[in-house]
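Hi everyone, thanks for making time. I'd like to walk you through one chain this morning, so please have a look at it on the screen before I start.

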Amino acid sequence: MPHYLCATCGTQFPPSDQPPAACPICLDERQYIGWKGQQWTTLDQLRADHHTIIKEEEPGPTAIGAEPSFAIGQRAQLVQTPQGNVLWESLSLIDDAAIDAIRARGGLAAIAISHPHYYSSMIEWSQAFGGVPIYLHEAERGWVMRPDPAIVFWSGETHPLLGGLTLIRCGGHFAGAQAAAGVHWPAGAEGCGVLLGGDILYVVSDRRWLSFMYSYPNLIPLNASAVRRIAAAVEPFAYDRATARSGARLAPARSARAAPPGSQSGMIGRQR
Ligand SMILES: [Zn+2]
């Protein structure tokens, strides 16, 4: 039986003869149903007309994306450490070229994903590398469409990963019961630290500041108290660069600063 993929958000579902009745991720106010209605595809169909692209980001992690772009344009980053490699985020498409590229860089020891919009085909990525653990915050349990024993739900505010990486519960984009996590990577940027913010701490095109949204496609702002909570969550961590899914990079930055009172947006790691 196929594992259907939602064509709008890229989330993979459990095996079924027929496509699922609906996609809860897209029905949520942070996402949307496409103008052609709910559409489904499969990984095999996706592989027929898409391929992965591997891009070295110097200095920094290796980015993995799909071409042409699929769903919400998810991309993942391979963080290499002496203790093993971590795939930060996930995407719907996985093919031999991506698997070979990761193997050539030492394989995969773990996967960590910021929030449900990136869960995509995470189980496929885990299984391609022997069932490596996938670290998600327990508050997001209800958003996992394809459960699997490889998923490790962590609780609390921070969680250590291999290689000195730390998962940080930030909240925000998925707030309250739906927390999100960023990765702090102390060995990145020549030992100065990298903050992998996903959509949670979004590096804008200008690259001098970060911004924060409750919904990006629907342009629903995040409230100021949630922005301050994110600032407080990452404040203890030193980092020289922050990266976002767009590939934009904020640098150099070391300190966190919350938004001024009454502001809808904030700055974290503002340029020195
Ligand atoms: Zn969807």
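This is a predicted model: local features need pLDDT of at least 70, side-chain atom pairs count only at pLDDT 80 or more; totals for chains, interfaces and linings use all residues.

Seven strands make up an open sheet, in the order β4-β5-β6-β7-β8-β9-β10, and the pairing is mixed. Which strands stand at the edges? They are β4, residues 51-56, and β10; each has a single partner strand, so one side of each is left without a neighbour in the sheet. On average, neighbouring strands of this sheet are turned by 25° against each other, ignoring direction.

As a reminder, the strands of a sheet pair through backbone hydrogen bonds, and they can do so in parallel or antiparallel fashion.

Helix α3, residues 96-104, lies across β4, β5 and β6. Relative to β4, α3 runs at about 30°.

Now the other sheet I wanted to show you. This one is open as well, with three strands in the order β2-β1-β3 and antiparallel pairing. Here β2 and β3, the latter at 40-42, stand at the edges with a single partner strand each, so one side of each has no neighbour in the sheet. From one strand to the next, the twist averages 35°.

Let's take its two pairings in turn. Strand β1, residues 3-6, pairs with β2, residues 12-15, in the antiparallel sense over two bridges. His3 stands opposite Pro15 in β2. Together β1 and β2 form a hairpin, with five residues between them. If you zoom in on the turn, you will find Gly10 with a positive phi of about 85°. On the other pairing, β1 meets β3 in the antiparallel sense over three bridges, and Leu5 stands opposite Thr41 in β3.

Speaking of positive phi, let me turn to the backbone. Most residues other than glycine have a negative phi, and most peptide bonds are trans. With that in mind, here are some spots to look at.

Ser120 is a residue other than glycine with a positive phi, near 40°. You will find Ser120 in the loop between β8, residues 110-112, and α4, residues 122-128. Is Ser120 buried or exposed? Ser120 counts as buried, because it has 31 C-beta neighbours inside 10 Å.

Leu219 also has a positive phi, near 50°, and is likewise a residue other than glycine. Leu219 sits in the loop between β17, residues 213-215, and β18, residues 220-221. With 8 C-beta neighbours inside 10 Å, Leu219 counts as exposed.

Then there is a cis peptide bond, from Glu67 to Pro68, with omega near -10°. Pro68 is found in the loop between β5, residues 62-67, and β6, residues 76-81.

Another proline to click on is Pro147, in the loop between β9, residues 134-137, and β10, residues 151-154. Pro147 counts as exposed, with 10 C-beta neighbours inside 10 Å. The C-alpha atoms of Pro147 and Ile123 are separated by 8.4 Å, and the two residues are 24 apart along the chain.

Ala242 is buried, with 27 other C-beta atoms within 10 Å. Ala242 and Leu201 are 41 residues apart in sequence, and their C-alpha atoms are 8.4 Å apart in space.

Finally, some totals for the whole chain. There are six helices and 22 strands. Of the 272 residues, 43% are buried. And among contacts between residues at least 6 apart in sequence, 56% join residues at least 24 apart.

Methods
Residues are numbered from 1 along each chain as its sequence is written. Two strands pair if DSSP finds at least two bridges between them. Helices (H or I, at least four residues) and strands (E, at least two) are DSSP runs, numbered from the N terminus. Axes are lines fitted to C-alpha atoms, for helices over the stretch in contact, and angles run from 0 to 180 degrees between N-to-C directions. A residue is buried if 20 or more other C-beta atoms lie within 10 Å of its own, exposed if 12 or fewer, and partly exposed in between; C-beta atoms are placed from the backbone. Two residues are in contact if their C-beta atoms, placed from the backbone, lie within 7 Å.
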